[in-house]
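Ready for some practice with rings and sulfur bridges? Look at the sequence and structure below, then work through the exercises one step at a time.

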Amino acid sequence: MKARIGLVAAALIVAATHAWAACREDVVWLRGDWGETSFRVELATTVAQRSRGLMFRDSMADDVGMLFLYQRPQALSFWMRNTYIPLDLIFLRPDGVVAHVHHRARPLDETPISGGRGLVAVLEINGGLAQQIGIAPGTQMRHPFFGGDAAWPC
């Protein structure tokens, strides 16, 4: 009986540790029918941070991204001015659910990339990863920004 209680306690500690790790400002978790994955993220929350984004970088690790956050739902559109690496742009609704994915945005292309209306966040990751992982509309993101009304709350 004591061994069983010890195993249950250990399982709860592991689950609590996983939940805590999933709810950090510098990490996003994504889940779908394909499973779960995470990315370490830089936040872009100010006008200056969002304007610069990932410009002028010539590489980025596959487990890293940039999360652009907006305080109110709106139509969001991005471009690749001065951005040297191909990116996937993952557009999110206020509940943390992916609304649209733009695959492999071309470096230095100034054509606007629209994600649609009613959006509050965009995750940029290396081009091709979203398709490789399976990230698509309906995928859920876990991050403290989305709060208690999130599809996958912290």
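Rings of Phe, Tyr and Trp (its six-membered ring) pair if their centres lie within 6.5 Å; planes under 30 degrees apart count as stacked, over 60 as edge-to-face and the rest as tilted. This is a predicted model, in which local features need pLDDT of at least 70 and side-chain atom pairs count only at pLDDT 80 or more, while totals for chains, interfaces and linings use all residues. Residues are numbered from 1 along each chain as its sequence is written, and side-chain values use heavy atoms, leaving out hydrogens and water.

**Exercise 1.** Work out which ring pairs link Phe68, Phe78 and Phe91 into a cluster.

*Solution.*
- Step 1: The ring rule gives four aromatic pairs.
- Step 2: In one of them, Phe68 and Phe78 have ring centres 4.9 Å apart and planes at 90 degrees, so this pair is edge-to-face.
- Step 3: Phe78 also pairs with Phe91: the centres are 6.1 Å apart and the planes stand at 85 degrees, so this pair is edge-to-face.
- Step 4: Phe78 belongs to strand 3 (residues 64-78) and Phe91 to strand 4 (residues 87-92), 13 residues apart. Strands here are DSSP runs (E, at least two residues), numbered from the N terminus.

**Exercise 2.** Find the disulfide and describe its link.

*Solution.*
- Step 1: Look for a pair of cysteine sulfur atoms within 2.5 Å, which defines a disulfide.
- Step 2: The whole structure holds one disulfide. Cys23 and Cys154 form it, with sulfur atoms 2.4 Å apart.
- Step 3: The angle about the S-S bond is -110 degrees, and the link of Cys23 and Cys154 is left-handed.

Definitions and conventions:
Helix = DSSP H or I, 4+ residues; strand = E, 2+ residues; numbered from the N terminus.
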